[in-house]
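Student: I've got the sequence and the model open. Can you walk me through a piece of it?
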Amino acid sequence: MPVSIGVLREAAEGETRVALTPTVVTTLVRDGHTVTVEKGAGHRAGFPDDEYAAAGATLAPREATLGAQVVVSVGPPDAVATKALKPGQALVGLVDGLKKDGVHVLSLDRLPRQISRAQTMDALSSQASISGYRAAIVAAERYGRYFPMMVTAAGTAKPATVLVLGAGVAGLQAIATARRLGARVTGYDVRPAAREEVTSLGAAFLATSVDAVGEGGYARELTPEESARQREELAKAIAGFDVVITTAKVPGRKPPELVDAATVAAMRRGSVIVDLAAGPLGGNVAGTRPDAVVTTANGVTLIGAGEIARDMAPAASDAYARNVAAVIAAIVKDGELTIDSDDEVISKMLVTP
């Protein structure tokens with residue numbers, strides 16, 4: 001018996017992505033599933049309804065979509081849609097914090113990323129990679145000088161100096177992209193082991209005295225004393241860079257402030273900071289605002305880019321849809337929806353009331 005899958009149109013203002021793309025729908029239908037897509041769900045991501053129909057999906061109003069056994073979204077559904085979910089259904093998305101009695105809420109925010117078989121489901125990493133790439137492009141666009149060294153008849157322009165704070169998925173992609181654009185790039189991470197990853201991309205590595213290696217190789221939360229020492233040591237270096245990209249985003253929690261107001265004030269006029277952690281709970285940089293561009297009194301451009309993956313909705317949706325399809329494959333056994341609470345991956349994703 002095939003499983004029914006419903007694709008919601010995103011409710012959040014400014015959200016351009018869609019949970020499943022026509023290409024992935026084609027695969028799911030070929031595997032025997034039935035897919036119902038809310039009318040207009042993919043429009044903002046560049047996927048019109050007729051492409052879903054050609055892929056084998058049924059286009060329907062929201063009510064029909066919400067009746068599927070597995071409902072998929074990018075962000076949390078609105079209150080009306082959440083109320084309509086029934087016991088026994090599964091909801092898959094970046095929905096940490098959403099709870100509904102009897103509904104199997106599987107939040108991709110909670111995925112245990114250090115488990116190798118979970119990597120195909122890792123939406124945080126797929127979206128972070130896009131964010132890192134986009135951050136370098138946006139920084140180059142906003143910076144009023146060349147990124148690469150340019151030799152012209154009028155003289156030689158020096159390459160821009162770029163500092164990327166954080167060498168996770170987003171940071172490494174930002175480093176690689178800024179290098180491709182010709183900038184002189186330096187990377188920083190609280191994990192000393194990240195040095196090799198940064199230098200392998202042709203960038204320099206900025207070292208400090210703070211070491212914060214955590215479980216599974218991820219950075220742990222710093223103590224207040226470590227945070228203060230980190231900011232002090234970084235502040236001395238940051239003022240010398242033309243562009244700074246910060247990537248220390250913590251899902252569901254306030255991100256650490258890596259660049260304080262005094263450090264921003266010490267930067268040169270025309271410098272650019274892209275804050276990939278900027279959101280409702282704050283950011284890595286003092287003065288950044290979510291989805292906003294701010295120019296400080298000393299002429300530094302601050303770009304709040306916590307949701308910058310939305311700027312590349314077609315690519316971001318493609319990657320996210322593959323993550324969702326991997327989750328569906330893990331919870332469907334022999335044609336039946338099977339939520340195994342003993343599974344080491346699925347159990348971590350489940351949001352229980």
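Tutor: Start with Tyr188: its bridge partner in strand S11 is Leu206. The chain crosses from S10 through helix H7 (residues 194-200) to S11, and this β-α-β crossover is right-handed. Right-handed means that, with the strands pointing away from the viewer, the path from the first strand over the helix to the second runs clockwise. Helices (H or I, at least four residues) and strands (E, at least two) are DSSP runs, numbered from the N terminus.

Student: How many bridges link S10 and S11?
Tutor: Three, and the two strands pair in the parallel sense. Strands pair if DSSP finds at least two bridges between them.

Student: Why is S10 largely enclosed?
Tutor: Four of its five residues (184-188) are buried, so the rest of the structure largely encloses S10. Buried means under 20% relative accessible area, exposed over 50%, partly exposed in between (1.4 Å probe, protein chains only).

Student: New topic. Is Pro280 buried or exposed?
Tutor: Exposed, at 88% relative accessible area. Pro280 sits in the loop between strand S13 (272-275) and strand S14 (293-295). Its C-alpha atom is 9.9 Å from that of Arg253, 27 residues apart along the chain.

Student: Where do these values come from?
Tutor: This is a predicted model: local features need pLDDT of at least 70, side-chain atom pairs count only at pLDDT 80 or more, and totals for chains, interfaces and linings use all residues. Residues are numbered from 1 along each chain as its sequence is written, and side-chain values use heavy atoms, leaving out hydrogens and water.
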